[in-house]
Amino acid sequence: MTTDQFTFTVTKTDGAARTGEIRMPRGVIRTPAFMPVGTAATVKAMYPDQVKALGADVVLGNTYHLMLRPSAERVARLGGLHKFMNWPYPILTDSGGFQVMSLSALRKIDESGVTFQSHIDGSTHVMTPERSIEIQGLLGSDIQMQLDECVKLPCTEAVAEKAMRLSLRWAERCRVAFGEQPGRAMFGIVQGGEVERLRIESAKELANLDLKGYAIGGLAVGEPQDVMLRMIETVEPYMPNTKPRYLMGVGTPDDIVESVRRGVDMFDCVMPTRAGRHGLVFTRFGRMNLRNARFAEDTRPLDAESKCAASNTYSRAYLHHLVRSNEILGMMLLTWNNLAYYQELMAGLRKAIAEGRLEDHIGEVKEGWAKGEH
Ligand SMILES: CNc1nc2c(CCc3ccc(C(F)(F)F)cc3)c3[nH]c(N)nc(=O)c3cc2[nH]1
């Protein structure tokens with residue numbers, strides 16, 4: 001009897017929210033989970049063991065970036081992405097379609113796939129569903145995303161429908177190309193723009209493919225939060241509740257809290273890392289822009305109660321100085337603080353769900369943000 005090497009278990013529910021564990025050969029992902037973005041085989045300004053120590057169980061890698069530089073074949077020759085970046089734990093890779101649409105110059109989408117020019121050297125590449133899965137396999141990715149078409153919002157129903165149906169056909173091609181990779185998974189991605197009937201059809205059709213997990217795509221592309229939350233509420237009942245749900249590209253702490261409440265298990269966002277490099281910090285008191293002159297002589301740490309050295313040791317005045325001076329240590333410390341806060345937020349949500357007190361906990365968390373820094 002082959003024991004399934006990739007399993008998801010829901011351990012507790014609280015309303016639509018749930019805690020769970022994704023178990024695979026490279027480790028366990030505790031959900032709800034925040035997955036730090038490691039675009040070009042690095043979580044920018046962080047050491048891998050630091051990322052792990054903060055409580056991150058999985059990081060994201062990027063097919064689009066790595067296929068262009070250093071190339072998937074080279075990463076494979078060097079032993080795969082885990083060895084390459086010294087991250088032996090689970091890695092999730094995106095299929096690259098989204099990055100093509102947002103990063104590359106010339107691009108064309110047709111039935112066969114996406115044709116685009118590299119934003120690095122202008123060379124032309126064709127990304128088919130099969131090639132995307134091949135690249136993710138060469139990288140050694142544990143959770144591989146289907147190639148999909150993510151439309152920009154707002155868009156017409158016709159445009160949303162065309163992209164949703166193409167993405168469904170590509171999901172089937174990715175499933176065939178993925179084949180059987182024990183201990184690894186391929187996730188489908190629900191599309192459909194802001195059109196509820198399209199979202200439902202996409203979720204239903206993907207559920208029929210019996211995949212190991214499902215993402216909600218096509219959101220966090222500039223739509224208001226209430227539209228995003230309504231789309232989650234629309235598709236959630238049609239997404240198998242025994243499989244992980246991954247909301248792509250989300251989001252702010254408030255987006256994450258509101259989405260966990262509605263049954264989402266996995267999140268990724270460049271916010272904590274990118275914002276950290278620009279002086280924007282996330283804390284349980286809300287956000288602070290450390291470029292602001294009001295911090296110039298503020299001797300308090302970011303958060304004396306945080307377990308993270310970046311948050312409980314350095315004065316805001318010093319961090320303000322580092323940011324204003326564009327010092328590398330500023331990027332390191334604020335990235336470290338932000339990722340620590342995001343992981344602390346997720347750990348708090350997991351604990352509250354396990355104790356059946358999510359609503360109360362959400363109230364306390366939002367009160368902290370509203371109070372601002374004391
Ligand atoms: C920011 N908003 C957003 N991000 C979205 C993403 C990218 C997620 C991603 C994955 C990996 C990385 C890596 F840099 F770490 F590699 C970085 C980001 C989407 N990705 C796909 N495939 N379909 C979507 O429909 C979709 C919608 C998205 N909304």
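Biologist: Is Phe116 buried or exposed?

Modeller: This is a predicted model, and the value is computed from it. The cut-off for a buried residue is under 20% relative accessible area. Phe116 has a relative accessible area of 0%, so Phe116 is buried.

Biologist: Which residue stands opposite Phe116 in E9?

Modeller: E8 and E9 pair in the antiparallel sense, over 4 bridges. Within this pairing, the residue of E9 that stands opposite Phe116 is His125.

Biologist: How are the rings of Tyr64 and Phe116 arranged: stacked, edge-to-face or tilted?

Modeller: Planes under 30 degrees apart count as stacked and those over 60 as edge-to-face, with the rest called tilted. The ring centres of Tyr64 and Phe116 are 5.5 Å apart, and their planes stand at 50°, so the pair is tilted.

Biologist: How many residues apart are Tyr64 and Phe116, and which elements hold them?

Modeller: Tyr64 is buried, with a relative accessible area of 0%. Tyr64 belongs to helix H2 (residues 63–68) and Phe116 to strand E8. The pair thus links distant parts of the chain, 52 residues apart.

Biologist: What is the strand order of the open sheet of 3 strands?

Modeller: The edge strands are E7 (107–110) and E9 (124–127), each pairing on one side only. The twist from one strand to the next averages 15°. The pairing is antiparallel, and the order is E7-E8-E9.

Biologist: What is the bridge partner of Asp110 in E8?

Modeller: E7 and strand E8 (residues 113–117) pair in the antiparallel sense over 4 bridges. In E8, the partner of Asp110 is Gly113.

Biologist: Which residue takes a positive phi in the hairpin of E8 and E9?

Modeller: This hairpin has 6 residues between its strands. The phi in question is near 80°, and the residue that takes it is Gly122.

Biologist: At about what angle to E7 does helix H7 run?

Modeller: Helix H7 spans residues 157–178. H7 lies across E7 and E8, and its angle to E7 is about 75°.

Biologist: What is the order of the open sheet of 8 strands?

Modeller: E4 and strand E5 (59–62) stand at the edges with a single partner strand each, so one side of each has no neighbour in the sheet. Neighbouring strands are turned against each other by 25° on average, direction ignored. The pairing is parallel, and the order is E4-E14-E13-E12-E11-E10-E6-E5.

Biologist: Which residue is the bridge partner of Tyr246 in E14?

Modeller: Strand E13 (residues 245–247) and strand E14 (residues 266–268) pair in the parallel sense over 2 bridges. In E14, the partner of Tyr246 is Met266.

Biologist: How many aromatic pairs does the structure hold, and how far apart in sequence are Phe34 and Tyr342?

Modeller: The structure holds 5 aromatic pairs. In one of them, the ring centres of Phe34 and Tyr342 are 4.7 Å apart with planes at 55°, so that pair is tilted. Both residues, Phe34 and Tyr342, are buried. Phe34 lies in strand E4 (residues 33–35) and Tyr342 in helix H14 (residues 328–354), so the pair ties together parts whose separation in sequence is 308 residues.

Biologist: Which residue forms one aromatic cluster with Phe34 and Tyr342?

Modeller: The cluster is made up of Phe34, Tyr342 and one further residue.

Biologist: Which backbone nitrogen lies 3.2 Å from a polar atom of the side chain of Asp14?

Modeller: Asp14 is found in strand E1 (residues 7–14), and at 19% relative accessibility Asp14 counts as buried. Leaving aside neighbours within four places in sequence, the contacts of Asp14 include Ala352, Ile353 and Gly356. The C-alpha atoms of Asp14 and Ala352 are separated by 8.8 Å, although the two residues are 338 residues apart along the chain. The backbone nitrogen at 3.2 Å from the side chain of Asp14 belongs to Arg357.

Biologist: Which backbone nitrogen does the side chain of Gln50 reach?

Modeller: Gln50 has its place in helix H1 (residues 48–53) and is buried, with a relative accessible area of 16%. Not counting residues up to four places away in sequence, Gln50 touches Ala45 and Trp336. At 3.0 Å, the side chain of Gln50 reaches the backbone nitrogen of Tyr47.

Notes
Residues are numbered from 1 along each chain as its sequence is written. This is a predicted model: local features need pLDDT of at least 70, side-chain atom pairs count only at pLDDT 80 or more; totals for chains, interfaces and linings use all residues. Side-chain values use heavy atoms; hydrogens and water are left out. Two strands pair if DSSP finds at least two bridges between them. Axes are lines fitted to C-alpha atoms, for helices over the stretch in contact, and angles run from 0 to 180 degrees between N-to-C directions. Contact means heavy atoms within 4.5 Å. Rings of Phe, Tyr and Trp (its six-membered ring) pair if their centres lie within 6.5 Å; planes under 30 degrees apart count as stacked, over 60 as edge-to-face and the rest as tilted. Buried means under 20% relative accessible area, exposed over 50%, partly exposed in between (1.4 Å probe, protein chains only). A polar contact is a pair of N or O atoms within 3.5 Å; within protein, one must be able to donate a hydrogen and the other to accept it, and residues adjacent in sequence count only if both atoms are side-chain atoms.
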